[in-house]
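I opened a notebook for a structure that is new to me. These entries keep to what I looked up, in the order I looked.

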Amino acid sequence: MANINVVIFPAAPGGTMNVKGRHGCIELMRVCGYPMIEWALRTAESVSKSITVFTGSNDAASYIGERAKVKDASCYKGEIDMLSSVLGQMDKEDRVLMLHANQPAISRSHAEQLVANEADFAMIAAEDALPSYALCCKVGALYPEIESIPPELAALTITRRIKRKCFIIRDDGAAAAAYDGRTLALCEKKILKLITAKHQYNGVSIIDPDNTYIGPDVEIAEDAVIWPNTVLTGKTRIGCGTEVKQGCNINDSTIGANCTLIYVVANEVEVGDGVSMGPFVNLRPNTKIASGCKVGDFVEVKNSNIGAGSKLPHLSYIGDADIGERVNVGCGCVFVNYDGVHKHRSTVGNDVFLGCQTNLVAPVSVGDGAYTAAGSTINKDVPADAMAFARPRQVNKEGYASKYRALKKGEN
């Protein structure tokens, strides 16, 4: 069986490079969260283990590492010279797939189509076929075509020679190359459309794809609903039947089945099934929320474990805490976890009722079934089934209000 070899050139011809940032390296310009060279490597790795990358950037070479054989592009006169340097290591029956680092929309599907094609030459190209393309050739058929091409020319010259005998797959967006911020955005838009289409095909309802950002590594189960103005990135997982409404920004998080989220920011968290969250919730790293919980408006949770069925209705901060099952965290509760030098944890048992405006000064624990009175500042452990009061005793001064007003107005 013929081997598949992949050659990745630095940049497709046809545009004026305008690269700023990332040390001026086109390969490290980011699209959909990853450097463009990452997209080329993923495409190459989907069809071959024999990959050669030509780059003039030490930073790009460091990024590639052991994933491919890296060659210094500055040591060669042009792409034809680069190609000739690797063809001698291939058999005539082998196939070589030529990609460019700045064509991130050339996907695994495109690569598979090209290498599976039995034609001597197969190409993904824009409507005009040039200058942006991805080309797959039979090595034996390629030799005669490059013998008389000057080594300093781009591999684009090959496509001009073989255009009439080449099997061409038209895809304007996939063949697009990025040279600057504008063309980079066009490539990203193409990739996002492919990602959206994949999820829709798998049974996900995406209400407004043009106003939804879903990263390439996000997984969404069927029957989930994704509303406009949402951002899903990293290794995020969305469960079956979950509804992600507007204003959500979820990164590297796992959201269970049949949840409802609105205006939720979550980063590196785990959420169980049937959880209702929002609006205006901030979930910070190392947070785990079990099934059946409610996290209401203006709540922040950080580095905490929330047990099944517990409720955090509104206006609370829960930091460095382990909260049991069926706990009610009253409005305005604060877990006081920082003493100015160190962070400390609090523990709340099952079936606890924390009254409104309770402050738990860590380290402190509240036993199963205990209550805290509204407005209490708790700095000692509360036993199970106890009621904790930690506030000044109320004193009423009859008639004092009118005297106070008169005093403020200067009326003695």
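I began with Y400, which is partly exposed at a relative accessible area of 42%. The terms I use are buried for under 20% relative accessible area, exposed for over 50%, and partly exposed in between, with a 1.4 Å probe and protein chains only. Y404 is also partly exposed, at 41%. Both tyrosines lie in helix α9 (residues 400-408), four residues apart, about one turn of the helix. Helices (H or I, at least four residues) and strands (E, at least two) are DSSP runs, numbered from the N terminus.

Before going on I noted the ground rules. The model is predicted, so I kept in mind that local features need pLDDT of at least 70 and side-chain atom pairs count only at pLDDT 80 or more, while totals for chains, interfaces and linings use all residues. Residues are numbered from 1 along each chain as its sequence is written, and side-chain values use heavy atoms, with hydrogens and water left out.

I counted rings of Phe, Tyr and Trp (its six-membered ring) as a pair if their centres lie within 6.5 Å; planes under 30 degrees apart are stacked, over 60 edge-to-face, and the rest tilted. The count comes to seven aromatic pairs. Elsewhere I found one aromatic cluster formed by F9, F54 and Y76.

The rule asks for NZ of Lys or CZ of Arg within 6 Å of the ring centre and within 35 degrees of the ring normal. R42 lies over the face of Y34, 4.4 Å from the ring centre. K343 lies over the face of Y338, at 5.3 Å.

How many of the ten residues of α1 are buried? Eight are, so the helix is largely enclosed by the rest of the structure. Among the buried residues of α1 I listed W39 and T43.

I took a pocket as an open set of points on a 1 Å grid over the protein atoms alone, where a 1.4 Å probe fits, with protein on both sides within 12 Å along at least five of seven lines; lining residues have an atom within 4 Å of a point. The largest pocket is lined by 15 residues, with W39, T43, S107, R108 and S109 nearest its centre. Elements giving two or more residues to this lining are α1 (36-45), α4 (108-116) and α8 (181-201). The largest share, four residues, comes from α8. The space in this pocket is about 510 Å³.

The lining includes K189, L192, P209 and Y213. Here too α8 gives the most, with four residues.

A disulfide is a pair of cysteine sulfur atoms within 2.5 Å, and a search of the whole structure finds zero. C293 is in no disulfide, as the nearest cysteine sulfur, that of C259, is 9.8 Å away. C293 is buried, with a relative accessible area of 2%. The sulfur of C331 is 5.2 Å from the closest cysteine sulfur, in C356, too far for a bond. C331 counts as partly exposed, at 21% relative accessibility.

Notes:
Grid points are joined across faces, edges and corners, and a volume is the space filled by probe spheres set on the points.
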